[in-house]
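Please look through the sequence and the coordinates below before reading on. The paragraphs after them go from the sheet to the helices, then to the aromatic rings and a few backbone angles.

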Amino acid sequence: MRMTSAIVTGLSLALLLSACGGSDDDAPTGPLRPPPKVATLGPFVGECGHLTDDEVRDIGGLGAIFRVFKNSTGCNWQGGGVGAASVTFASYRGSPIDREKAWVASVGREPEAIEVGGKKGFQALDPRGQVCDLAIQLDDDFFEWSMSFGVFGGANQGNPCDRTRRMAELTVQRLG
C-alpha cells in the first residue's frame, strides 16, 4: 500500500512541477502594448452646468419648463406635454467628444467647430432649426448643452444654438 501511495505522490509532484515550468517559446514575440492612457480630469462643471432653473428658463426662452431630473452627471428641464420643449445638460468624464460628434452627425445634425471662452467644441443644428447640441472639450472631459423647441415650437424663436451657446458661456465662466 505504501508503494502505491509513493508512486501516486511522485507522479503528482512530477506533473505539478512540469506544469510550472515553461520554455522561452511562450514569451511574446511582438511589441508590448502601451499602457492604457489615464484620463486627465477637467475642471468641475458644477451641478446643472452651474446654471439655476431660472437662468435656464430665461435663456432658453421656452416659457414654463421645469427641471424633471438632476443627477451627478446632468440635468433635464421639460415643458408640459408630449413633444414639449426641453433642455438637457450633461457632463462626461474621460469620454471622447468625437464619439458624441459622430452620434450627432448620424442623426442628421452637421457638427460645426466652435470656441467658447477659449475652449474648443462643436455645435450642431438639425435641418429644421428645432434642435441644437453644443459640446465643449475640457481636457479629457466635455460637457454638452442640448435644446429642443419641441414638436410644435420653433416658430419665431430663433436659432436654438444661440441659446445653448449662452448657457455654455456661463458654464465656462463659472468653472470650478
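In what order do the 7 strands of the open sheet stand? The model is a predicted one, and in it the order is β1-β2-β3-β7-β6-β5-β4, with antiparallel pairing. Strands of a sheet pair through backbone hydrogen bonds, either parallel or antiparallel. The edges are taken by β1 (66-70) and β4, each of which has a single partner strand, so one side of each has no neighbour in the sheet. From one strand to the next, the twist averages 15°.

Helix α3 lies across β3, β4, β5, β6 and β7, and runs at about 15° to β5. Helix α4 lies across β3, β4, β5, β6 and β7, with an angle of about 145° to β7.

Which residues of helix α3 (residues 97-106) are buried? They are Ile97, Glu100 and Val104. Viewed down the axis of α3, these buried residues fall within an arc of 60°, so they line one face of the helix. They pack against β3, β4 (110-116), β5 (119-125), β6 (131-138) and β7. On the face of α3 turned away from the buried side are the exposed residues Asp98, Arg99 and Ser106. After α3 comes glycine 108, with a positive phi near 95°.

Helix α4 (residues 160-173) contains threonine 171. This threonine is buried, at a relative accessible area of 0%. Leaving aside residues up to four places away in sequence, threonine 171 touches Val45, Gly49, His50, Leu51, Phe89, Phe143 and Trp145. With one of these residues, tryptophan 145, threonine 171 makes a polar contact between side chains, at 3.1 Å.

A pair of aromatic rings is described by the distance of the centres and the angle of the planes. How many aromatic pairs does a search of the whole structure find? The search finds 4. One of them is formed by phenylalanine 89 and tryptophan 145, a tilted pair with 4.9 Å centre to centre and 55° between the planes. This pair links distant parts of the chain, since phenylalanine 89 belongs to strand β3 (residues 86-92) and tryptophan 145 to strand β7 (residues 141-148), 56 residues apart. Phenylalanine 89 is buried, with 2% relative accessible area, and tryptophan 145 is buried too, at 0% relative accessibility.

Tyrosine 92 and phenylalanine 142 form another aromatic pair, which is stacked, at 4.5 Å centre to centre and 20° between the planes. Tyrosine 92 is in strand β3 and phenylalanine 142 in strand β7, so this pair ties together parts 50 residues apart in sequence. Are these two residues buried or exposed? Tyrosine 92 is partly exposed, with a relative accessible area of 29%, whereas phenylalanine 142 is buried at 2% relative accessibility. Ring pairs also link Trp77, Phe89, Phe143 and Trp145 into a cluster.

The remaining points concern loops. Most residues other than glycine have a negative phi, and most peptide bonds are trans. Histidine 50 has a positive phi, near 65°, and is a residue other than glycine. Histidine 50 sits in the loop between α1 and α2 and is partly exposed, at 25% relative accessibility. Aspartate 139 also has a positive phi, near 55°. Its place is the loop between β6 and β7, where aspartate 139 is partly exposed, at 47% relative accessibility.

Threonine 52 is in the loop between α1 (2-20) and α2 (53-60). At 43% relative accessibility, threonine 52 is partly exposed.

Definitions and conventions. Residues are numbered from 1 along each chain as its sequence is written. This is a predicted model: local features need pLDDT of at least 70, side-chain atom pairs count only at pLDDT 80 or more; totals for chains, interfaces and linings use all residues. Side-chain values use heavy atoms; hydrogens and water are left out. Rings of Phe, Tyr and Trp (its six-membered ring) pair if their centres lie within 6.5 Å; planes under 30 degrees apart count as stacked, over 60 as edge-to-face and the rest as tilted. Helices (H or I, at least four residues) and strands (E, at least two) are DSSP runs, numbered from the N terminus. Buried means under 20% relative accessible area, exposed over 50%, partly exposed in between (1.4 Å probe, protein chains only). A polar contact is a pair of N or O atoms within 3.5 Å; within protein, one must be able to donate a hydrogen and the other to accept it, and residues adjacent in sequence count only if both atoms are side-chain atoms. Contact means heavy atoms within 4.5 Å. The arc is that of the directions from the helix axis to the C-beta atoms. Two strands pair if DSSP finds at least two bridges between them. Axes are lines fitted to C-alpha atoms, for helices over the stretch in contact, and angles run from 0 to 180 degrees between N-to-C directions.
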